[in-house]
Amino acid sequence: MSSAGTVITWWGHATCTVEDSGVRVLTDPLFVRRFAHLRRRRGALPTADAARADVVLISHLHSDHLHLPSLARLPAGTLVVVPRGAVRAVPALRRLRTVEVSARDSVRVGALTVRAVHAEHDGRRLPVGPHRCPALGYVVEGASSTYFAGDTGLYDSLAEAVGPVDTALLPVGGWGPNLGHGHLDAGRAAQALAALAPRHAVPVHYGTYWPIGLDAVRPHEFHAPGAEFVRKAAVLAPEVAVHRLEHGESVRTADGR
C-alpha cells in the first residue's frame, strides 16, 4: 500500500469526502437539518462545497443513506454509484447519471478505482421495498486505499472481502436508542478494525441525527460511540491510528491530524 496521503472529511452521519489523486469522492450525502422523524443534533450543516464531487457512492437504499433531496444538490452530471437494482427500486434516480454495481464490481473514476464489497445489511428501500438490492461498502483505491463500510454487521469474510487498506471509515453507532441487525456498534467496529488492520481509522455514523422527542432516551447511544470506539480500538487494534473527527473536520491520513 502506498504511503501517499488521502484527505478525509467527515460531514456527519455516513457522509464523508475522500480526496485522493485529485479526485473527490462523496459518500452517502445527507445535507439537511431534519428529515422524517430525525433532527440533526450536532454539527453545522455541510457547506455547499460538500456537494462538490467527481463521484458519489451510495451504500444502500435506506433514506438516511440514499437521500434524494441531498442528491439533488450535486452538480449536474455527477456520477452516482448505486447498488444494482437501485434505479428500478427508486425511479427518481433516473434523473441522475448513475452506474449500478454489485459486490466485486469495479468502476474507474479518473486516477481512482472504486471497488464494491459486500455489506451485511438489509438493502431494501424502507419501510418495505418490493425490490431487493444489495447493501454495499466500497474500497477507493488510488495513491492510498480507503474503505467506506456504509452500514454493515460483522461477517466472517469481511477482511477477505475488503482486502488490505490504508484507512477504514467505520460506522460505530446509529440514529436511535437501539441498533438493529446489520450494524456495528463501537465494540463490534473495534473487532472489525482488528480484522482489517488498516493504518488509519475514522469512526462515522454516530452523533449527528436523533429522533425528535427522544433526547432523554439512552442519550449515551448518541454521544458516546466515537469515544468508546477510540477506547476499544486502543485495546483490540493498538497499531491503528484512530482519528475521531468533529463534524466538518478533516484528516490527512499520511501525516496524522
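**Helix packing and the sheet**

Modeller: Helix H4 (residues 186-196) packs against helix H6 (residues 225-236) at an angle of about 40°, and their axes lie 8 Å apart. Helices (H or I, at least four residues) and strands (E, at least two) are DSSP runs, numbered from the N terminus. Axes are lines fitted to C-alpha atoms, for helices over the stretch in contact, and angles run from 0 to 180 degrees between N-to-C directions. This is a predicted model, in which local features need pLDDT of at least 70 and side-chain atom pairs count only at pLDDT 80 or more, while totals for chains, interfaces and linings use all residues. Residues are numbered from 1 along each chain as its sequence is written, and side-chain values use heavy atoms, with hydrogens and water left out.

Colleague: Which residues of H4 and H6 make the contact?

Modeller: Contact means heavy atoms within 4.5 Å. H4 contributes Ala-186, Gly-187, Ala-189, Ala-190, Gln-191, Leu-193 and Ala-194, and H6 contributes Pro-225, Glu-228, Phe-229, Lys-232, Ala-233 and Leu-236.

Colleague: How do strands of a sheet pair?

Modeller: They pair through backbone hydrogen bonds, either parallel or antiparallel. Two strands pair if DSSP finds at least two bridges between them. Here an open sheet of 7 strands has mixed pairing and the order E8-E7-E6-E3-E2-E1-E17. Its edge strands, each pairing on one side only, are E8 (97-101) and E17 (249-252). On average, neighbouring strands of this sheet are turned by 20° against each other, direction ignored.

Colleague: How many bridges join E6 to E7?

Modeller: Strand E6 (residues 55-57) and strand E7 (residues 79-83) run parallel and are joined by 3 bridges. Val-56 has Val-80 in E7 as its bridge partner.
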